[in-house]
Amino acid sequence: MRMSKLFVQTLREFPSDAEVISHKLLVRAGYIRKLANGIYNYLPLMWRVLKKIESIVREEMDNAGAQELLMPFVQPAELWQESGRWDVYGKELMRLKDRHSREMCLGPTHEEVITSIAREGIRSYKQLPINLYQIQSKFRDEIRPRFGLLRGREFIMKDAYSFDIDEEGLDKSYQIMADAYKRIFERCGLETKMVQSDSGAIGGSVSHEFMVLVNEESENNAGENDVFYCTKCGYSANSNHAVSVLNPVITEGKYTKSEIIDTPNTHSIDELANFLNIPESIICKCLIYVVDGKYVAALIRGDRTVEETKLMNVFAGNDIRIARNDEIEEIMQLSGYSAIAGFIGPKGLKNVEIVADETVKDLKNFVIGCNVNDKHLVGANWGVDVELPSKIADIRLVEENDKCIDCGSPLKVTKGIEVGNIFKLGTKYSKKMNATFTDKNGQEKPFIMGCYGIGISRTAAAAVERHHDEYGIIWPIAIAPYKVIVVPVSDQDETQMKVAEYIYNKLLDSKVEVLLDDRSERAGVKLKDADLIGIPYRITVGKTIKDNLVEFKTRAGNITETISPDDAIAKILSI
Ligand code: ATP
Ligand code: MG
C-alpha cells in the first residue's frame with residue numbers, strides 16, 4: 001500500500017479527552033475516531049489489526065474444536081425474561097422497542113440466545129460436547145465508558161459457549177479453552193496471567209480472567225483491576241476474589257471495663273484511633289451498604305477495607321453501593337437513634353441485615369460505634385456488650401504483604417487489564433430456560449454450560465498499553481497492520497525513489513504486508529509517522545544509496561543497521 005493512497009490522518013497532538021496511552025496513540029496515529037461517547041470508528045489501519053487478532057482467535061478456536069456461528073445483535077426481551085436477566089441486568093442493557101412496541105435489546109452478551117439455539121438443536125447426549133462461538137460487536141451502555149477501546153460502549157468480542165453432559169465434561173471443555181486462550185494471547189504477542197476471579201453468587205462455580213499486567217507508575221493506569229499474586233507458588237486472583245492469611249496484629253484493647261465515652265468529631269477510623277491513641281486494629285468498623293435496594297451493615301476490623309463484590313455475594317446481590325447520608329438517617333430514625341456515619345454500631349439496628357468479616361471475631365475489649373454522635377463504646381466484648389452477628393464471611397479486600405493462602409509467602413499486587421475470561425456457568429441458564437437433552441438412560445437433563453469471552457478491540461488496545469515508547473506504538477509483529485514500511489528520504493531524488501519502489505515491489509511479490517511512503521513530505525514527517533503508527537520494520541532509503549546502502553530499523557528497541565537493499569529484502573523474508 002502506498003502511503004499517498006492510504007486513508008490515515010496522523011495528528012500533531014494527543015486528543016484532549018484521552019487519559020491513557022493506548023487511547024492517545026490510537027487516535028493520534030490515525031487508527032480510530034470517536035463517533036459518540038464510547039463508540040469508535042475503526043479506520044483502515046485499526047481494522048487490519050483487529051482482523052489479525054480475529055484470525056488468530058478463529059484459528060485457535062477452530063483448532064480447539066469450536067464451531068463459529070453468528071447470532072443476531074438485536075435480541076427479543078422474551079429470552080431475557082426467561083433467564084430472569086431482563087430485570088436484573090440494569091442500565092448497561094440497551095433496551096428499545098420495535099414498531100409494534102415489542103421490547104428488544106442490543107446484545108451485551110449472548111447466553112440467552114445460544115441457550116435457545118441449543119434448546120432447539122441439541123436433543124441427545126450423542127450431540128455433546130459442543131462449543132459454539134462468534135466474533136461480533138456488543139453493546140453495553142457502560143456507566144463510565146473511558147480509555148478509548150479499553151472500555152467502550154460498542155466493542156468487538158469473541159464469545160464462546162460450551163455444552164456438556166456433566167461436570168467432568170465441563171471441566172474438560174473449560175481446560176481446552178484455558179489452553180486455547182494461552183496460545184491466542186501468546187500469538188498476539190501479549191503476556192497474560194490467568195487469575196482466579198469472582199463468578200458471582202452462584203455457589204461452586206469457577207471463573208478465571210486473563211490479565212495483561214500494566215504496572216506502570218503512571219497516574220492514569222489503564223489497568224482497572226488489582227491482581228494479587230504470590231511470587232512463590234503462583235497463586236493469583238482478582239482483588240474481587242482474592243483471599244489471604246492475615247499477619248498478626250494487636251486485637252485486644254487496653255480497656256478494662258466497657259463504657260460509652262466521648263469521642264468528639266471522630267468521623268473516621270483514623271481520627272478515632274488518633275483521638276484514643278489506640279491501633280486501628282482494635283476498632284470494629286460498621287459500614288452501611290445498599291445491596292439490591294436492601295440495607296446491609298458490614299462489620300470489619302478498623303485497619304481493613306471491605307471488598308464490595310465479596311460483600312454483595314454474601315447476599316447473592318447484583319448491585320451494591322455505600323448508603324447515602326439520608327438513608328443512614330432513615331435507618332437511625334427507624335431504630336430510635338440519631339447518629340451520623342462514623343458513630344454507627346450494629347446494636348439495635350432495625351431493617352438492616354448484618355454481616356461480620358472474619359477479622360472481627362477475635363476482637364477483645366474493642367471499640368465500636370453506639371449510634372450516638374460523638375461517642376463510642378470502648379472495652380466492648382462479643383456476647384457481653386454486643387452480639388456477634390450470625391452471618392460471618394470473608395468480605396475483606398486483600399492487601400499487599402498479606403500471606404498467600406496456599407503457601408504463606410507475602411502477596412504482591414499489580415494492575416491488570418482483563419482481555420478475556422472463562423466461566424463455568426453450570427446449569428444457570430439451561431435450568432431457567434428449560435434447555436435439556438436426553439441422557440444415556442433416556443432422562444431429560446439440563447445442559448452443563450461454560451462461557452468464554454475475549455475482548456478483541458480491548459486486546460488491541462492492551463497491546464498498545466504494553467508496547468509503545470515516547471515516539472509511538474510498537475506493534476507485536478503478529479498483529480501489526482503492516483510489517484514493513486519503506487521510506488525514501490526525498491521523493492525528489494530519483495535514485496532513492498527507484499530503489500524504494502524496487503524494495504517495495506519485491507516485498508509485495510513475496511506477499512509481505514508493506515507500506516511505501518511515497519508522499520511529498522519532509523523526511524522528518526515521514527520518519528515520525530512511521531514510528532508513531534508502529535510498523536515493526538522500516539527500510540529507509542537515503543543518501544547512502546550511492547554506496548548501495550539503506551538503513552534497516554527494527555521498531556522495538558530502535559535497532560538500526562546499514563545494509564544493501566537486497567540484504568534488507570532478504571532479512572525481511574527470513575523473519
Ligand atoms: P469488565 O469487568 O472489564 O467490565 P466483563 O466481566 O464485563 O469485563 P465479559 O462480560 O466477560 O466482561 O466480556 C468478555 C470480555 O469482553 C472481557 O474479558 C473484555 O475483554 C471484553 N469487554 C467487556 N466489556 C468491555 C467494554 N466495555 N469495552 C471493551 N471490551 C470489553
Ligand atoms: Mg463489564
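Predicted model: local features only at pLDDT ≥ 70, side-chain atom pairs only at ≥ 80, totals over all residues.
Residues are numbered from 1 along each chain as its sequence is written, chains are lettered from A and ligands numbered from 1 in the order in which they are written, and side-chain values use heavy atoms, with hydrogens and water left out.

Returning to Gln75, this residue lies in strand 4, residues 74-76, and here helices (H or I, at least four residues) and strands (E, at least two) are DSSP runs, numbered from the N terminus. Is Gln75 buried or exposed? Gln75 counts as buried because its relative accessible area is 1%, and the cut-offs are under 20% relative accessible area for buried, over 50% for exposed, and partly exposed in between, with a 1.4 Å probe and protein chains only. The side chain of Gln75 also reaches the backbone oxygen of Thr109, at 3.3 Å.

Let me now turn to the ligand. Ligand 1 is surrounded by 14 residues, and the closest are Arg140, Arg151, Gly152, Glu418 and Asn421, where a residue is near a molecule or strand if one of its heavy atoms lies within 4 Å of it. Oxygen atoms of ligand 1 have a polar side-chain atom of Arg140 at 2.7 Å, a polar side-chain atom of Asn421 at 2.5 Å, and a backbone N or O atom of Gly455 at 3.2 Å. On its own, ligand 1 has 580 Å² of accessible area, of which the protein covers 81%; such areas come from the Shrake-Rupley method with a 1.4 Å probe, and for residues only the protein chains shown count as cover.

Which elements give two or more residues to this shell? They are strand 8 (154-164) and strand 21 (411-426), and strand 21 provides the largest share, four residues. By type, the shell divides into five nonpolar, four polar and five charged residues, with Ala, Val, Leu, Ile, Met, Phe, Trp, Tyr, Cys and Pro counted as nonpolar, Asp, Glu, Lys and Arg as charged, and the others, Gly among them, as polar.

Twelve of its 16 residues are buried, so strand 21 is largely enclosed by the rest of the structure. Two strands are said to pair if DSSP finds at least two bridges between them. Strand 21 runs antiparallel to strand 10 (residues 207-213), with seven bridges joining the two, and Met211 has Glu418 as its bridge partner. Strand 11 (residues 225-230) pairs with strand 21 in the antiparallel sense over six bridges, where the partner of Val227 is Thr414. Strand 24 (residues 448-455) is also antiparallel to strand 21, joined by six bridges, and there Lys424 is partnered by Gly450.

Next comes strand 14, residues 283-291, which is mostly covered, with eight of its nine residues buried. How does strand 14 run relative to strand 18 (residues 366-369), parallel or antiparallel? These two run parallel and are joined by two bridges, with Ile283 opposite Val367. Strand 15 (residues 294-301) is antiparallel to strand 14 and joined to it by eight bridges, with Ile288 opposite Ala297. The hairpin of strand 14 and strand 15 has two residues between the strands, and in it Asp292 takes a positive phi near 45°. Strand 16 (residues 320-322) is joined to strand 14 by three bridges, again antiparallel, and Val291 stands opposite Ile320.

I will finish with an open sheet of five strands, which has the order 28-27-29-30-31 and mixed pairing. Its edge strands, each pairing on one side only, are strand 28 (514-516) and strand 31 (559-563). Within this sheet, strand 29 (residues 537-541) and strand 30 (residues 550-554) run antiparallel and are joined by four bridges, and the bridge partner of Ile539 is Phe552.

Methods
Polar contact = N/O pair within 3.5 Å; in protein donor to acceptor, adjacent residues only side chain to side chain.
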